[in-house]
Amino acid sequence: MNLDQLKSDWLGRIAAATDEGALEELRVAALGKKGEISLKMRDLGGMSPEERQVAGPALNALKDEVTTAIAAKKVALGDAALDERLKAEWLDVTLPARHRRVGTIHPVSQVTEEVTAIFADMGFAVAEGPQIETDWYNFDALNIPGHHPARAEMDTFYTHRAEGDDRPPHVLRTHTSPVQIRHMEAHGAPVRVIAPGRVYRADYDQTHTPMFHQVEGLAIDRDISMANLKWVLEEFFSAYFGTKVRTRFRASHFPFTEPSAEVDIQCSWEGGTVKVGEGSDWLEVLGSGMVHPKVLQAGGIDPAEWQGFAFGMGIDRIAMLKYGIPDLRAFFDSDLRWLRHYG
Ligand SMILES: CNC(=O)COc1cccc(Nc2cc(Cl)ccn2)c1
């Protein structure tokens, strides 16, 4: 076969190669150790000097042309592969990013954190305890006697025992006072704690939900008086509402405090929303008093040696005041639009 025929055969095969694998096979078949062109180069040895003078340069030229053609085809195939990838993996980086919403913490969590921080600045630690309580810690220890209406099933959630299980029923705690009792039992006096948390009552309307949030405070020492209570509460409300807030104490009654006082804060009603810290109106926000001696005893503390004050308020309620939220039920509807607005 003459070299021209050989060249056009090989250049034709190289041009027709569909991918780099096939091209590599062609290179080996033409120029590898046993390649067709390599074998012809080897035949040069057996030729006469006159023949070799012609065949040598011609074969070298052929080898160069095939080598160049393979290199060019390799680039072409590589570019084609890249074009394929670019087409398949093309990404329009100018597209606007997909909007990722960030969560916000619930107003109740936010207010609980604020309340905790303000009382921490006044030396109060946070106490926690079980949400399912015995009626001893939830009622008896707080001097709430057996027949007291608060213990009725219409106000309190009781757990139900299986047949034959004669353990006394437990209750869903109706306030966080039991946490304070447990704290007194465990740590004795003096005491400076607040107890925030979920509480449960069998009630449901625009201002009551079966689960809501309360925070109670307890300060016990050797010479604590109502004056200390007034100061602590005025400090708290002024810090919480960010303005000087005056309080008004109205004599009241709770089984667990004596004397007891309901506390109002000064406010003004401006067209449906309440403005705290000014005006001639008053808004009841919490209950308080000096801890009843029987309750100190229930906590293992000697009332002849120690005394102190306690208070309790609704976290949801002061959150509604601060953020102007009209309906308590909205706190628990998990309506994202509402949460995003107040969160
Ligand atoms: C929303 N809360 C209210 O209207 C009334 O809550 C109050 C009132 C007065 C005292 C307390 N807590 C308390 C706790 C202990 Cl361990 C001893 C004595 N008292 C809670």
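Predicted model: local features only at pLDDT ≥ 70, side-chain atom pairs only at ≥ 80, totals over all residues.
Local features were taken at pLDDT of at least 70 and side-chain atom pairs only at pLDDT 80 or more, whereas totals for chains, interfaces and linings use all residues. Residues are numbered from 1 along each chain as its sequence is written, and side-chain values use heavy atoms, with hydrogens and water left out.

Helix 1 (residues 3-16) packs with helix 4 (residues 49-88) at an angle of about 10°, the axes being 10 Å apart; helices (H or I, at least four residues) and strands (E, at least two) are DSSP runs numbered from the N terminus, and axes are lines fitted to C-alpha atoms, for helices over the stretch in contact, with angles from 0 to 180 degrees between N-to-C directions. Helix 1 is therefore roughly parallel to helix 4, a term applied to angles under 35 degrees. On the side of helix 1, the contact (heavy atoms within 4.5 Å) involves Leu3, Leu6, Lys7, Trp10, Leu11, Ile14 and Ala15, which meet residues of helix 4 including Leu59, Leu62, Glu65 and Lys73. By class, this contact of helix 1 with helix 4 has twelve nonpolar, no polar and three charged residues, where Ala, Val, Leu, Ile, Met, Phe, Trp, Tyr, Cys and Pro count as nonpolar, Asp, Glu, Lys and Arg as charged, and the others, Gly among them, as polar.

The ligand is surrounded by 17 residues, of which Gln180, Gln214, Glu216, Gly287 and Gly312 are the closest, the criterion being a heavy atom within 4 Å. In polar contacts (pairs of N or O atoms within 3.5 Å), a nitrogen atom of the ligand lies 2.8 Å from a side-chain N or O atom of Glu216, and a backbone N or O atom of Gly312 is 3.2 Å from a ligand nitrogen atom. Taken alone, the ligand exposes 490 Å², of which the protein buries 88%, with accessible areas from the Shrake-Rupley method and a 1.4 Å probe. Helix 7 (177-187), strand 5 (211-221), strand 9 (281-291) and strand 10 (307-314) each give two or more residues to this shell, and strand 10 supplies the largest share, four residues. The shell comprises nine nonpolar, seven polar and one charged residue.

Regarding the backbone, the peptide bond from Ala189 to Pro190 is cis, with omega near 0°, and Pro190 is found in the loop between helix 7 and strand 4 (191-200). A cis peptide bond also joins Glu258 and Pro259, with omega about -5°, Pro259 being found in strand 7 (residues 257-270).

Methods
Parallel < 35°, antiparallel > 145°, perpendicular 65-115°, else oblique. Polar contact = N/O pair within 3.5 Å; in protein donor to acceptor, adjacent residues only side chain to side chain.
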